[in-house]
Amino acid sequence: MAKTFKKLWPIFISRDNFWTAYQKALRHKRYKAPAADFAMNAEINLINLINELEKGVYRPGRYQSFYIYEPKKRKISAAPFRDRVVHHALVNVLEPIYEARFSEASYACRKNKGVHKALEKCHWHVRNRKYFLKGDIVKFFPSADHDILFEILSKKIADSRILDLIKKLLSSGVGLLDDERAPYWFAGDGLLTPGLRFCGLPIGNLTSQFFANVILNELDQYVHHEIRPAGYVRYADDWVLFDNDVETLKKAKLSIEKFLARYRLLCHANKTYFAPCRQGFVFLGFRLTPRGKRIARENVSRFRKRMRRYNKLINRHIIDYDQISASIKGWLQHLSHGNTAGIISKVMPNVKFRKI
């Protein structure tokens with residue numbers, strides 16, 4: 001029988017855990033109003049939060065939502081700062097349990113992993129395998145089913161108070177992504193089934209990123225134990241299989257589609273496909289081919305637009321260069337992980353900032 005974890009609440013509710021969670025939530029938010037307000041009486045606010053949780057009267061606050069449009073339109077939902085502290089405290093307890101069970105092929109939101117290591121591993125397979133199967137899940141975060149997630153979590157977590165808290169956190173995000181979620185029917189569904197199920201992991205939550213890995217670890221384990229391809233890499237809901245036999249990948253495509261349907265997830269018909277590695281494909285903003293890694297054309301176009309926008313703001317004295325230098329340095333650092341010689345010279349000379 002699989003091991004379960006029962007006595008997690010005392011670890012979760014400890015002052016040490018909440019102080020650590022508070023420090024993590026504060027990173028990069030220190031000078032924003034909600035974080036600054038909480039920080040003014042941090043110890044009292046943390047004690048009050050712990051007391052609410054202990055008494056069972058804690059209720060998550062309302063999200064503030066907004067849209068971003070790069071690389072595509074997405075709804076971001078920000079939880080109140082005190083709730084973000086709770087999210088960190090919960091993940092502090094759950095992450096060690098699941099980290100030991102997560103696949104090495106999973107690279108999103110994990111220590112010592114990340115975008116660039118995923119790119120390196122993927123590119124190694126592109127250079128050393130003949131074929132790839134690239135997969136895309138339709139609207140994963142809006143479609144993530146709460147009952148299915150809870151069932152997966154319950155196989156390991158046997159602490160009722162932790163599970164009740166997870167239910168509260170999931171319920172607080174119900175409806176936020178309904179406008180992005182398309183109704184899909186799966187085997188055994190009735191006419192009203194899609195509308196009766198609670199779905200959605202708000203993009204922007206630490207818990208959403210963690211819960212996404214919990215759900216998609218089921219896919220990882222299925223691929224490793226049932227399909228056994230020559231290579232596999234997953235970053236969030238983007239995944240790629242590699243093999244030297246194209247028939248293996250053809251069968252894998254069908255079996256993965258059936259497997260994901262058990263979790264009420266759907267593969268994107270146009271974005272899930274197999275092809276020779278020499279043809280290359282775009283993954284995490286880079287075009288990968290046996291020759292190298294090049295920044296995807298659409299990313300260069302987006303950066304040009306962003307630089308032109310910055311240029312206008314500087315010339316109108318709305319911002320100064322120091323305010324955008326971190327963004328530019330971050331993008332250049334990202335470029336350094338690919339074969340990007342010449343890109344800088346093509347983009348940067350066309351952006352001429354007027355000195356303040």
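Helices (H or I, at least four residues) and strands (E, at least two) are DSSP runs, numbered from the N terminus.

**Entry 1. Overall**

I took the model as predicted: local features need pLDDT of at least 70, side-chain atom pairs count only at pLDDT 80 or more, and totals for chains, interfaces and linings use all residues. Residues are numbered from 1 along each chain as its sequence is written, and side-chain values use heavy atoms, with hydrogens and water left out.

I counted elements first. The protein chain has 15 helices and 9 strands. I then looked up burial (buried is under 20% relative accessible area, exposed over 50%, partly exposed in between; 1.4 Å probe, protein chains only). Of the 356 residues, 47% count as buried. Next came contacts (heavy atoms within 4.5 Å). Among those between residues at least 6 apart in sequence, 75% join residues at least 24 apart.

**Entry 2. Nonpolar cores**

I use "nonpolar core" for a set of buried Ala, Val, Leu, Ile, Met, Phe, Trp, Tyr and Cys residues joined through side-chain atoms within 4.5 Å. The largest one holds 71 residues. Phe12, Phe18, Leu53, Ile166 and Leu241 touch the most other members. Beyond four places in sequence, Leu53 contacts Trp9, Phe12, Ile13, Phe18, Tyr58, Val86, Arg161 and Leu165. Another core, of 18 residues, lies apart from the largest one; Ala108, Cys122, Ala275 and Cys277 are among its members.

**Entry 3. Helix H8 and His146**

Is His146 buried or exposed? His146 counts as buried because its relative accessibility is 8%. His146 sits in helix H8, residues 146–154. I checked polar contacts (N or O atoms within 3.5 Å; within protein, one must be able to donate a hydrogen and the other to accept it, and residues adjacent in sequence count only if both atoms are side-chain atoms). The His146 side chain reaches the backbone oxygen of Gly200 at 2.8 Å. Leaving out residues up to four places away in sequence, His146 touches Leu170, Val174, Phe198, Cys199 and Gly200.

At the start of H8, a side-chain oxygen of Asp145 comes to within 3.0 Å of the backbone nitrogen of Asp147. The buried residues of H8 are His146, Ile148, Leu149, Phe150, Ile152 and Leu153. Their cover includes helix H5 (81–99), H9, H11 and helix H12 (246–262).

**Entry 4. Cavities**

On a 1 Å grid over the protein atoms alone, a cavity is a set of points where a 1.4 Å probe fits but cannot get out; lining residues have an atom within 4 Å of a point. Grid points are joined across faces, edges and corners, and a volume is the space filled by probe spheres set on the points. I found 3 cavities of 30 Å³ or more.

The largest share, 3 residues, comes from H11.

**Entry 5. Second largest pocket**

A pocket is an open set of points with protein on both sides within 12 Å along at least five of seven lines. The second largest pocket has a volume of about 1000 Å³. Of its 32 lining residues, Lys29, Arg84, His88, Gly204 and Leu206 lie nearest the centre. Which helix gives the most to this lining? H5 does, with 7 residues.
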